[in-house]
Amino acid sequence: MAFWKYRRVTPAQIIILGFLALILCGTLLLMLPFSTRGPGGASFLDALFTATSATCVTGLVVHDTATYWSSFGQAVILLLIQVGGMGVVTMAVAISMFSGKKIGLKQRWVMQESISAPHVGGIVRLTGFILKTAFFIEGAGALLLALCFCPELGFPRGLWYGIFHSISAFCNAGFDLMGIRAPFSSLTAYVDDPLVNSTVALLIIIGGLGFLTWHDLLTHRQNYQQYRLQSKVILCTTGALLLGSFLYFVLYEFGLPQWGQMTTAQRLQAAAFQAVTPRTAGFNTVDLTELSQPGLLMTILLMLTGGAPGSTAGGFKITTLAILLLSIRAVFRRRGNTECFGRRLPTGNLQNACVIFVLYLLFFLAGGMLICCIDGIPLMSALFEAASAIGTVGLTLGATPGLSPVSHLLLIFLMYFGRVGGLTMLYAVTSKDVSPASQYPQESITVG
């Protein structure tokens, strides 16, 4: 962590360099001969793709995790998921705390940027809270999943599967070890298992709410008025997205003829799970290639939206969506300011939301169109893979393993961009903002 001592290194640069260093370390480890089950080890591009997907908690893979990677390789992937999901800076500060080293102001500043905290004060205590809460939730999830896996696979293997899938779900990674049944099958064998469905779905939701929202929930409990404005917006928007997408899937999608073999209970569980997993976990309990065109579009939109800032989820974040919708409401009501829960949002929030939304949309469309042109796959399939990558989701229509090396490099970039965030990358490569001494004359233009 010596590079934190350099004054010219900004928090944004530390975050993107930290993720990059972790990806490169993971790539080297996955290239070792004993990281794979077959002889020779993985190629550099395959190892780089897998390490990026794990570190960026995406879940897109070029090889089935259970059948291609050895126990050592799976352990490396799980470690990358854990560090990448909690955040490189969070884990680095945690190591300093446990080793008894003093946490300096620069480290606290970087930590604030990493978890989107409102201020530096109390950041070390908040880090301790985040780590303890995360490990407790992952442990509880592992025990619940082990109750299902142990009778099927035996105690040692069932416990390992419980730990792996609990961490993968909580960190919104989407990596699974169910290839022992059929390659790339994810959780399709558990479409009617309420324990697996509910446990994985709850882990995904909790991981995607964000660290500061946990703090509000556990500190203030039912005293909703004491919550931060950000927590209120996250909880309301998350609830609306979950309810809206569940109603779509249960009332329309899973009522189509291709799902006719499913029972009512299976449709309800599949609809609930499909409403949760695109934001941004990557597990699936049904065959996604059977989704209708509207179903694919709905899933793409959910993948792009993602979870909350300062969480284990990706996407352009639900707060960005909420600010844009609130701004639309303000325009319709002819209000000069964007308002929410009795508070007025600063203009900078709307500017950042617009920049993030446009950046994600441009990279998503450009990536999908390039993949379509390079590999000749249908545009909807290419857009689906691109949305899954930039939203760090991991859902796939089966196209990713067969794509060309150039398309794999495109997906690697999209996964990296989606995890570190658009504004973080912009702040890392641009100079420090300097307020101008003067301003240009103001003139209005017609919009719409």
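**Buried residues, cores and packing**

Author: In helix α10 (residues 211-220), the buried residues are Phe-211, Leu-212, Thr-213, Trp-214 and Asp-216. Buried means under 20% relative accessible area, with a 1.4 Å probe and protein chains only; helices are DSSP runs of H or I of at least four residues, numbered from the N terminus. This is a predicted model, in which local features need pLDDT of at least 70 and side-chain atom pairs count only at pLDDT 80 or more, while totals for chains, interfaces and linings use all residues. Residues are numbered from 1 along each chain as its sequence is written, and side-chain values use heavy atoms, with hydrogens and water left out.

Reader: Which residue with a positive phi follows α10?

Author: The phi of this residue is near 50°. The residue that follows α10 is Arg-221.

Reader: Which residues have the most contacts inside the largest nonpolar core?

Author: A nonpolar core is a set of buried Ala, Val, Leu, Ile, Met, Phe, Trp, Tyr and Cys residues joined through side-chain atoms within 4.5 Å. The largest one has 112 residues, and those with the most contacts inside it are Ile-81 and Val-200.

Reader: Are α4 and α8 roughly parallel or roughly antiparallel to each other?

Author: Helix α4 (residues 71-86) and helix α8 (residues 155-170) pack at an angle of about 30°, with their axes 9 Å apart. Axes are lines fitted to C-alpha atoms over the stretch in contact, and angles run from 0 to 180 degrees between N-to-C directions. Angles under 35 degrees count as roughly parallel and over 145 as roughly antiparallel. The two helices, α4 and α8, are therefore roughly parallel.

Reader: How many residues of the contact of α4 with α8 are charged?

Author: Contact means heavy atoms within 4.5 Å, and Ile-81 in α4 is among the residues that meet α8. Asp, Glu, Lys and Arg count as charged, Ala, Val, Leu, Ile, Met, Phe, Trp, Tyr, Cys and Pro as nonpolar, and the others, Gly among them, as polar. The residues of this contact divide into ten nonpolar, three polar and, as for charged, none.

Reader: Is Glu-253 buried or exposed?

Author: Glu-253 lies in the loop between α11 and α12 (264-276), where it touches residues including Tyr-248, Trp-259 and Glu-290. Because its relative accessibility is 0%, Glu-253 counts as buried.

How values were computed: Buried < 20%, exposed > 50% of the residue type's maximum accessible area, 1.4 Å probe, protein only. Parallel < 35°, antiparallel > 145°, perpendicular 65-115°, else oblique. Lists of a residue's contacts leave out its neighbours within four places in sequence.
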